[in-house]
Amino acid sequence: MARLWVGLAGAGFFVALLVLHSRFCGSPVLRKFAFQVSWTTEEILYRLDVGWPNRPEYFTGTTFCVAIDSLSGLVYVAQRGDNIPKVLVFTEDGYFLRSWNYTVDTPHGIFAASTLHEQSVWITDVGSDFMILWLHGERGTGPAKFNIPHSVTVDSSGRVWIADRGNKRIQVFDKDTGEWLGAWTNCFTEEGPSSVRFTPDGKYVIVAQLNLSRVLLVAAPPVGSIGNCSVINTIQLADQVLPHLLDVSGKTGAIYVAEIGAKQVQKYVPVEGYFPSFTHS
């Protein structure tokens with residue numbers, strides 16, 4: 001029995017040292033470990049895929065955004081930095097395929113929109129000259145006004161969800177009419193949302209909060225109602241990981257998070273049994 005207590009004490013001391021080292025030294029390896037250390041009573045609905053990608057050394061810059069082409073099974077990552085590939089292409093399983101460093105200067109957001117006949121990738125490039133072709137809303141704090149609108153997505157019922165980061169809210173509009181349908185503010189009193197996406201079954205909204213290094217799993221409201229934001233689960237990343245933009249696989253429900261602080265993209269996969277509609281073996 002004495003040996004058992006000595007072993008448990010030693011293990012506890014080792015874990016404490018790892019957590020303190022991760023906090024004060026910022027080790028990328030220990031950042032992943034720190035994700036596993038949770039003091040919340042929430043059930044774990046997603047787990048970190050520690051093997052994704054299989055060659056993380058391809059991340060050579062600051063990873064600002066990620067997009068999933070579920071039709072082709074591809075993951076696009078855009079990064080910033082001098083003399084580095086600006087766009088990296090992986091498989092959803094984590095194998096590196098190719099990269100390119102032309103036509104892109106300073107990427108901020110990325111979106112993949114493929115059909116059976118064509119593959120296309122759209123990138124917002126904040127470093128190049130551009131001309132505004134379409135604009136909705138203006139700067140401000142009232143309904144349908146924005147302060148650093150950071151991410152946009154459309155749900156299956158035609159509602160447009162916009163992460164209005166500077167105003168600490170998500171605003172919702174009708175896709176066809178542009179009518180303002182409501183806003184979520186109660187989940188974002190500490191930090192505004194930097195990214196918003198839906199799970200493939202449409203039941204949950206995945207939200208990133210940059211400066212809190214946190215990803216929220218929020219219940220999606222029914223059609224005809226916006227209601228209040230209700231957090232179902234939280235993925236707390238290590239300090240200074242800074243999740244910027246994220247995307248969700250339409251096939252597996254896996255969450256891919258572009259982390260500008262950690263300079264990497266990490267993959268979180270659903271725990272089997274919680275999401276039977278899109279988990280697979």
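# A guided tour of the predicted model

Start by selecting C187 and C229, both of which are buried, where buried means under 20% relative accessible area, exposed over 50% and partly exposed in between, with a 1.4 Å probe and protein chains only. Before going further, note that this is a predicted model, in which local features need pLDDT of at least 70 and side-chain atom pairs count only at pLDDT 80 or more, while totals for chains, interfaces and linings use all residues. Residues are numbered from 1 along each chain as its sequence is written, and side-chain values use heavy atoms, with hydrogens and water left out.

**The disulfide**

Keep C187 and C229 selected and show their sulfur atoms, which lie 2.0 Å apart and form a disulfide, defined as a pair of cysteine sulfur atoms within 2.5 Å. A search of the whole structure finds one such link. The pair ties together distant parts of the chain, 42 residues apart, with C187 in the loop between β13 (180-184) and β14 (195-198) and C229 in the loop between β16 (214-219) and β17 (231-236); strands here are DSSP runs of E with at least two residues, numbered from the N terminus. The torsion about the S-S bond is -105°, and the link of C187 and C229 is left-handed.

**Backbone exceptions**

Most residues other than glycine have a negative phi, and most peptide bonds are trans. Select W52 and P53 next, which are joined by a cis peptide bond with omega of about -10°; P53 sits in the loop between β1 (46-48) and β2 (62-69). Then move to S213, which has a positive phi of about 50° although it is not a glycine, and which is found in the loop between β15 (204-209) and β16. S213 counts as buried because its relative accessibility is 1%. A144, also not a glycine, has a positive phi of about 65° and belongs to the loop between β8 (138-139) and β9 (145-146); A144 counts as partly exposed because its relative accessibility is 23%.

**From A144 to Q171**

A polar atom of the Q171 side chain lies 2.9 Å from the backbone nitrogen of A144. The side chain of Q171 also makes a polar contact with the side chain of W180 at 2.8 Å, a polar contact being a pair of N or O atoms within 3.5 Å, where within protein one must be able to donate a hydrogen and the other to accept it, and residues adjacent in sequence count only if both atoms are side-chain atoms.

**The largest nonpolar core**

Which residues have the most contacts inside the largest nonpolar core? Select Y46, I206, V215, I235, L246, I255 and Y268, which have the most contacts inside this core of 17 residues; a nonpolar core is a set of buried Ala, Val, Leu, Ile, Met, Phe, Trp, Tyr and Cys residues joined through side-chain atoms within 4.5 Å. β1, β15, β16, β18 (243-248) and β19 (255-259) each supply at least two residues of this core. A second, separate core has 16 residues, including A67, L74, A112 and I260.

**The four-stranded sheet**

Finally, colour the open sheet with the order β1-β20-β19-β18 and antiparallel pairing, where two strands pair if DSSP finds at least two bridges between them. β1 and β18 stand at the edges with a single partner strand each, so one side of each is left without a neighbour in the sheet. Five bridges join β19 to the antiparallel strand β20 (residues 264-270), and V257 stands opposite Q266 in β20.
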